[in-house]
Amino acid sequence: MEGISKKWLRRVCAETEGLYETPELNDNLYLQYRFIPTIKNLEEYVNVKWLYLQNNLIQNIQNLGHMTELMGIYLGNNQISKITNLNFKQLKVINLDHNSLVSLQGIQDAPRLETLSATDNEISDMSCLGLCRHVTSVKLSRNKLGDASHVLETLRKMNQVRVLYLKGNPFVCKLKSYRNKIINTCPNLQFLDDRPVYEWERRLVKAWERGGNEEVKKERAIHKHEKETKATNAFMLWRKTQKDSKQLKAHPIKYNNPINYNEPIKSNNLSEQTESGPQIQPTAQQVEEKRKAHKEGEGKRQEEQKEEREEKKEEKVETVACNSAASRVEEGTEGHGMKISTMLEGSPGQGFQDNSEHLPVNSLQVPYQRTKRDAAFSSEIWSSLKWTPSMDTKLKSVRPKLNPNTNPNRNPHGSWIPT
């Protein structure tokens, strides 16, 4: 392929998801893996911010000056040997991995550069990188940086660098205490060669700079003691929290409303006001009176709570009794319906007759069916009716002649209860 044509670009944009056939609408442009040898015919794509040209055959960076809003360009796995034409005011990210770069000359043309990745090249000079004041991430692994003093001098100028990859370069093996010196040179470094830089490691590096390995041992002991003290304090705080929660459950009034008996008391007498304000320290008598008042109030609250509990208990007992009686009535009296008065008449083996004239006119009517639970049910009815001797005399004419001493189903007044 000789290059990029406008017609071909429109077709690629139409086939690629996320791109538009109209050039001005694209802020991203994906042209990777297209075997492109030369960058050209991109003049219509003026709003592109992120340009992806990796894995092609590009040898020179050119014909991109019209992309004034370009923020990132990816040119990895190409054949670029020299950095040129990167004078973009908004450019922040450059990827030049797996190329043929010998130097970083030209990288200083990007004044707002923040991230540079140029691994697997042949770079032996990185001095131009010191002119990029905003760089925070640099990846130069597996290059040919052999002069350790030159590298350290360049890193001293890069005060904002936080991520640094330098492994795979010749100077790493030659420089003694490589990691300590790099951390000591970069004050804001947070990540070095696949390993984070912790605060305690920075303290050890400073101790090593002061007095070598002996100071490092002392600093390690101090750090260990601080770590153990911190863990102990955290455990004691947890114990205290657990204890307070138990006390709060056991004494909610005491711990929810703590009383400070020694707090200042507001005085209504203007003559007692001092320069610090109208509050004065309480006397021993006032403290004692306040304590007694609080104790009496707490006692009254406890008595009121006790009375409320007893009332609720009585209401609960009454409710349970009523529900039990109602449930027995419902379970044992489905089917036929008749008056309570008919329950008190008849004899075993005989049908019941309606003799309601023997009871008061306003007698209670409930559904009834003869079952095995009639004895218990009838005792509930008798207790609810509040039996009187006058009612008993009215039933003598219809009461069966049974021996009350041998009949187990008799109420306290001698009347027979059907079974």
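A: A salt bridge here is a side-chain nitrogen of Lys or Arg within 4 Å of a carboxyl oxygen of Asp or Glu. In this predicted model, E219 and R210 have their closest N and O atoms 3.8 Å apart. That lies within 4 Å, so the pair counts as a salt bridge.

Q: What makes E215 and R210 a salt bridge?
A: The closest N and O atoms of E215 and R210 are 3.9 Å apart. The limit is 4 Å, so this pair is counted too. R210 also belongs to a network of salt bridges, which links R203, R210, E215, E219 and E226.

Q: How do you know whether E201 and R179 are buried or exposed?
A: The relative accessible area is 10% for E201 and 14% for R179. Buried means under 20%, so E201 and R179 each count as buried.

Q: Which residues of α4 are buried, and why can they be said to line one face?
A: The buried residues of α4 are Y178, R179, I182, I183 and T185. Seen down the axis of α4, they fall within an arc of 165 degrees, so they line one face of the helix.

Q: What do the buried residues of α4 pack against?
A: Their partners are α2 (148–157), β7 (163–165), α3 (170–174), β8 (191–192), β9 (195–196) and α5.

Q: Why is D97 said to have no salt bridge?
A: The nearest side chain of opposite charge to D97 is K139, 7.1 Å away. A salt bridge needs a nitrogen within 4 Å, so D97 has none, although D97 is buried. D97 sits in the loop between β4 (93–95) and β5 (115–117). Leaving aside neighbours within four places in sequence, the contacts of D97 include L75, N77, S117 and N121.

Q: What makes E21 partly exposed?
A: E21 has a relative accessible area of 46%. That is between 20% and 50%, so E21 is partly exposed. The residue is found in the loop between α1 (6–15) and β1 (28–30). Beyond neighbours within four places in sequence, E21 is in contact with R10, C13 and A14.

Q: What is the average confidence of the chain, and where is the pLDDT below 50?
A: The chain averages a pLDDT of 77, and 68% of the residues score at least 70. Among the stretches with pLDDT below 50 is 265–278, which has 14 contacts in the model beyond near neighbours in sequence. Residues 333–373 are also below 50, and this stretch has 68 such contacts.

How values were computed:
Residues numbered from 1 in each chain as written. Predicted model: local features only at pLDDT ≥ 70, side-chain atom pairs only at ≥ 80, totals over all residues. Heavy atoms only, no water. Buried < 20%, exposed > 50% of the residue type's maximum accessible area, 1.4 Å probe, protein only. pLDDT = per-residue confidence, 0-100. Contact = heavy atoms within 4.5 Å. Helix = DSSP H or I, 4+ residues; strand = E, 2+ residues; numbered from the N terminus. Lys, Arg positive; Asp, Glu negative; His and termini not counted. Arc of directions from axis to C-beta.
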